[in-house]
Amino acid sequence: MKKIVRSPGSATIINAIATGFGSAFGIGLDIVCEAKTSSDSIRCSNDVGADNSLMELCVKKVFNHYNISEDEFGIDLKTKSSLPMASGLSSSSASSNAIVKVTSSIVSQEFDLKPLDDLEIINMAIDASLDAGVTITGSFDDATASYFGGVVVTDNKNREFIIKEKMQDYPILIYMPNFYSKSGDSNPERMKLLAPLVETAFEFAKQKDYFKALNLNGLIYAATLGFDSTIAIDALQSGAIASGLSGTGSSFVAVVSDDSIDDVEQAWAKYEGQVIRTKVDNDGCILK
């Protein structure tokens, strides 16, 4: 049996590290996971040279849920990614969502068992990411924006939705500098110092004023983490609807219009790194 799942990344509106409340939206960059059954054991590979421990954890959690022994049944997994790793674009959430979904789909069909529902998949993927140390908060906002697409506003501590809805299909620009910033390596205590300011940004998100929230959150976290906020301001000056740091960096995101996309891209061309064109994703994590 062979199955393929595609899972998009997400960009930050509100980073949840400071307060436990977050917001994110799906983007068109993604991870595609192909899985095949085998006689035994778990074999994982990826096209970006990343450590396979998170992939293996995801599969093992599904096997444990269904009480499947890898001595008697196996899966070969490989992922291909258009999503930059360790960049604040939810590569870990996208990967774990895709792997748990494809593995649970195969196992449930192979053994005629009840498939995991959407939130069971998401929670299992989050637990694997926490166990692997690739997330600080569990990233319920990133995980659900990746899984469902569109925009979410969430209570990460309790893994509950405040808002979940489709988002207007804006073009998106991503600026990627020539270095990476792993979420698990960040200093949460430093970020929590600015919790009152982040709470103000979160109020905008709860009122669905997502772009004002994104702008303010991006400036707050860029200042806290030592990133150059001029990058976001340059985008806004060039006509971006909103711009800010995504996650804990290192990428910046800009929501643009068809009229402003060239000007914003040109403004970012002076910085070392690359600028990626994509768009809002409203499809989420799907079996292909």
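**Ground rules**

I noted that this is a predicted model, in which local features need pLDDT of at least 70 and side-chain atom pairs count only at pLDDT 80 or more, while totals for chains, interfaces and linings use all residues. Residues are numbered from 1 along each chain as its sequence is written, and side-chain values use heavy atoms, with hydrogens and water left out. Helices (H or I, at least four residues) and strands (E, at least two) are DSSP runs, numbered from the N terminus.

**Entry: H6 and H7**

I went on with this pair. Helix H6 covers residues 195-206 and helix H7 covers residues 210-225. Their axes come within 7 Å and cross at roughly 160 degrees. Axes here are lines fitted to C-alpha atoms, for helices over the stretch in contact, and angles run from 0 to 180 degrees between N-to-C directions. H6 and H7 are therefore roughly antiparallel to each other. The classes are roughly parallel under 35 degrees, roughly antiparallel over 145, roughly perpendicular from 65 to 115, and oblique for the rest.

I then listed the residues in contact (heavy atoms within 4.5 Å). On the H6 side they are Leu197, Val198, Thr200, Ala201, Phe204 and Ala205. On the H7 side they are Tyr210, Lys212, Ala213, Leu216, Asn217, Ile220 and Tyr221. By kind, the residues of this contact of H6 with H7 divide into 10 nonpolar, 2 polar and 1 charged. In this sorting Ala, Val, Leu, Ile, Met, Phe, Trp, Tyr, Cys and Pro count as nonpolar, Asp, Glu, Lys and Arg as charged, and the others, Gly among them, as polar. A general point goes beside this list: an α-helix has 3.6 residues a turn, so residues three or four places apart point the same way.

**Entry: H2 and H4**

I turned to helix H2 (residues 91-110) and helix H4 (residues 140-148), whose axes come within 9 Å and cross at roughly 55 degrees. That makes H2 oblique to H4. The crossing of H2 and H4 is right-handed. Ser93, Ala94, Asn97 and Lys101 of H2 meet Asp142, Ala143, Ser146 and Tyr147 of H4. I counted 3 nonpolar, 3 polar and 2 charged residues in the contact of H2 with H4.

How many of the residues of H4 are buried? I found 9 of its 9 residues buried, so H4 is mostly covered. Buried means under 20% relative accessible area, exposed over 50%, and partly exposed in between, with a 1.4 Å probe and protein chains only. The cover includes strand E1 (2-14), strand E2 (21-38), H2, helix H3 (118-132), strand E5 (151-155) and strand E6 (160-165). Just after H4, Gly149 has a positive phi of about 70 degrees.

**Entry: cysteines**

I searched for disulfides, meaning pairs of cysteine sulfur atoms within 2.5 Å. The count is 0. Cys33 is in no disulfide, and the nearest cysteine sulfur, that of Cys44, is 8.0 Å away. Cys33 counts as buried because its relative accessibility is 0%. Cys44 is buried as well, at 12% relative accessibility.

Where is Ser90? I found Ser90 in the loop between E4 and H2. Its phi is near 65 degrees, a positive value in a residue other than glycine. Ser90 is buried, because its relative accessible area is 10%.

Arg159 lies in the loop between E5 and E6. Phi of Arg159 is also positive, near 50 degrees. At 27% relative accessibility, Arg159 counts as partly exposed.

I found a cis peptide bond between Gly249 and Ser250, with omega about 15 degrees. Ser250 sits in the loop between strand E8 (242-245) and strand E9 (252-255).

**Entry: two loop residues**

Phe111 is in the loop between H2 and H3 and is partly exposed, at 37% relative accessibility. Leaving out residues up to four places away in sequence, Phe111 touches Ile68 and Phe73.

Ser69 belongs to the loop between helix H1 (53-66) and strand E4 (74-81). Ser69 is partly exposed, with a relative accessible area of 28%. The C-alpha atoms of Ser69 and Glu199 are separated by 46 Å.

Conventions: A crossing is left-handed if the near helix is turned anticlockwise from the far one by less than a right angle, and right-handed if clockwise.
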